[in-house]
Amino acid sequence: MSYEQIITADRRLLILRALVATKDYTLGDRLIASFLRSMGHAASHAVVAADLDWLANEGLAQLQHAEGLTIARLTDRGLDVAEGRERHPGVRRPEPGE
């Protein structure tokens, strides 16, 4: 696995974990980008959009577009991946206790 693949897989896990932490498993793309920056990922809007599209295509999140925002909602499968009950290629598996 290349360095870029490791960073991408980590970023995707963090997005899923951010969605888990919300009351309704839903966040906007701008809040996701802010969260990623706070976790050390200086991801551009284009990178966040690409990750969200990828997560949606993989069935880990659902997307809605409204007034220039993208709203991501976690799926049941995304919850399983975020909490380490299921593995998914392209998403880092959480460490024990994480």
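1. Aromatic pairs. Rings of Phe, Tyr and Trp (its six-membered ring) are taken to pair if their centres lie within 6.5 Å, with planes under 30 degrees apart counted as stacked, over 60 as edge-to-face and the rest as tilted. By this rule, zero aromatic pairs are found.

2. Basis. The model is predicted: local features need pLDDT of at least 70 and side-chain atom pairs pLDDT 80 or more, whereas totals for chains, interfaces and linings use all residues. Residues are numbered from 1 along each chain as its sequence is written, and side-chain values use heavy atoms, without hydrogens or water.

3. Charge over a ring. Arg 12 lies over the face of Trp 54, at 3.7 Å from the ring centre (criterion: NZ of Lys or CZ of Arg within 6 Å of the ring centre and within 35 degrees of the ring normal).

4. Helix 1. Buried residues (under 20% relative accessible area, 1.4 Å probe, protein chains only) of helix 1 include Arg 12, Leu 13 and Leu 16. The buried residues of this helix pack against strand 1 (26-28), helix 2 (29-38), helix 3 (45-57), strand 3 (69-74) and helix 4 (76-82), contact being heavy atoms within 4.5 Å. Helices (H or I, at least four residues) and strands (E, at least two) are DSSP runs, numbered from the N terminus.

5. Three strands form an open sheet of order 1-3-2 with antiparallel pairing, where pairing requires at least two DSSP bridges. Strand 1 and strand 2 (61-66) are the edge strands. Strand 2 is joined to strand 3 by six bridges, and Gln 64 stands opposite Ile 71 in strand 3.

How values were computed. Buried means under 20% relative accessible area, exposed over 50%, partly exposed in between (1.4 Å probe, protein chains only).
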